[in-house]
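Student: Hi, I'd like to walk through this chain with you. Could we start with the terms and then go on to single residues?

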Amino acid sequence: MIDKDLRRDVLDELDFEPSLQAGDIGVAVADGVVTLTGHVGSYAEKVAAERAVRRVRGVRAIAQDIAVRYADDRKVADDQIAGRALAIIDWSVHLPKDCIQVKVSGGWVTLTGTVDWQYQMAGAEAAVRKLSGVHGVTNLIEVRPRIPPTAVKDKILQAFRRSAMFEADAIKVSVSGDRVILEGAVSAWAERDSAERAAWSVPGVRAVEDRIVALA
C-alpha cells in the first residue's frame, strides 16, 4: 500500500471512531510509519486515536505526539484526580483496591502496586485514564507469578491454537522466567495485537516483548 492511500485510510478510521473528535489530529505517513500530531480534549481520546490507527491494515509503526489540552475551566487539581482515581478503583469489583497505589503530579497519574493478573493491571489504567484532568498514565503495577515458568509457554501456545485471528504456527514463543518474547510475522496489526493479548492472558506473565512483524 502506498503512503497516500494509507494516510487516507487512517484519517477515515479516526473520523469513524465515535469516542474522539479527530478534527485537530494531524496524520503523516512515511514507509508505513504513521505519525500523529495535534491535540485532543482528554487522555482517553489520545489512547482511542492510537488504537484506531492500529486497526488500519498496512500500518507498520506509530509515532504518537498528540497533546492533551483542557480548557482553563476544566483543569482539575492533582488531589482531586487522585481521590477520583482511588474511588473508581475501589468501585471496580475486578480490581484489588488494597493492592494499588496512586500518585498524581501535574495531571500525570502513576500507578504502583502488585496484582495477580495482567487484566487487573490493564483495568486499573483503563479506569483512571477516563478521568477529567488526566494528561497521562504511567502504569508500574506488577503482576505476581502464579504458575511455574515452565508452564507459561504451553499455556500461551494453547491460547494461540484456540485463536481464530492468526495462524499459531507463524509465531515463535520464548519464555525466560516470567518474561515472554514473541517473534514471527502476521498479515495485519490487529493479528499482532491479538497474539500479544493472548500472551498477556496467561497468569504469571509479567512482561511481553512483542517482536512480531505486521506485513502490509
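Tutor: Happy to! Helices (H or I, at least four residues) and strands (E, at least two) are DSSP runs, numbered from the N terminus. Keep in mind that this is a predicted model: local features need pLDDT of at least 70, side-chain atom pairs count only at pLDDT 80 or more, and totals for chains, interfaces and linings use all residues. Residues are numbered from 1 along each chain as its sequence is written, and side-chain values use heavy atoms, with hydrogens and water left out.

Student: Thanks. Where does Ala-188 lie?

Tutor: Ala-188 is in the loop that runs between strand E10 (179-186) and helix H6 (189-200).

Student: Is Ala-188 buried or exposed?

Tutor: Ala-188 counts as buried because its relative accessibility is 10%. Buried means under 20% relative accessible area, exposed over 50%, and partly exposed in between (1.4 Å probe, protein chains only).

Student: And what does Ala-188 touch?

Tutor: Not counting residues up to four places away in sequence, Ala-188 touches Arg-57, Ala-214 and Leu-215. Contact here means heavy atoms within 4.5 Å. As for Gln-120, it is 68 residues from Ala-188 in sequence and 27 Å away in space, C-alpha to C-alpha.

Student: Let's zoom out. How many helices and strands does the chain have?

Tutor: There are 6 helices and 12 strands in the chain. Its C-alpha trace spans about 55 × 50 × 25 Å along the principal axes.

Student: What radius of gyration does the chain have?

Tutor: The chain has 19 Å, which agrees with the value near 17 Å that a compact globule of 216 residues would have. That radius is taken over C-alpha atoms, and the globule rule is 2.2 Å times the number of residues to the power 0.38.

Student: What share of the residues counts as buried?

Tutor: 41% of the 216 residues do. Also, among contacts in the chain with a separation of 6 or more, 65% come from residues 24 or more positions apart.

Student: Which residues touch the most other members of the largest nonpolar core?

Tutor: They are Val-10, Leu-14, Ile-25, Phe-160, Val-180 and Leu-182, in a core of 61 residues. Helix H2 (residues 43-54) gives the most to this core, contributing 6 residues. A nonpolar core is a set of buried Ala, Val, Leu, Ile, Met, Phe, Trp, Tyr and Cys residues joined through side-chain atoms within 4.5 Å.

Student: Back to loops. Where is Leu-20, and what does Leu-20 touch?

Tutor: Leu-20 sits in the loop between helix H1 (3-16) and strand E1 (25-30). Setting aside residues up to four places away in sequence, Leu-20 touches Leu-14, Ile-25, Glu-45, Ala-48 and Ala-49. Leu-20 is buried, with a relative accessible area of 6%.

Student: Why is Leu-131 counted as buried?

Tutor: Because its relative accessibility is 14%, Leu-131 counts as buried. Leu-131 is found in the loop between helix H4 (118-128) and strand E7 (136-139). Its contacts, not counting residues up to four places away in sequence, are Tyr-70, Ile-81, Arg-84, Ala-85 and Ile-88. Leu-131 and Ile-88 are 43 residues apart in sequence but 9.2 Å apart in space, C-alpha to C-alpha.

Student: How about Lys-97: where is that one?

Tutor: Lys-97 has its place in the loop between helix H3 (78-91) and strand E5 (100-105). Lys-97 is partly exposed, with a relative accessible area of 46%. Leaving aside neighbours within four places in sequence, Lys-97 is in contact with Ile-89 and Asp-90.

Student: Last one: what is phi of Asp-31?

Tutor: Phi of Asp-31 is near 55°, a positive value in a residue other than glycine. Most residues other than glycine have a negative phi. Asp-31 is in the loop between E1 and strand E2 (33-40), and Asp-31 is exposed, with a relative accessible area of 60%.
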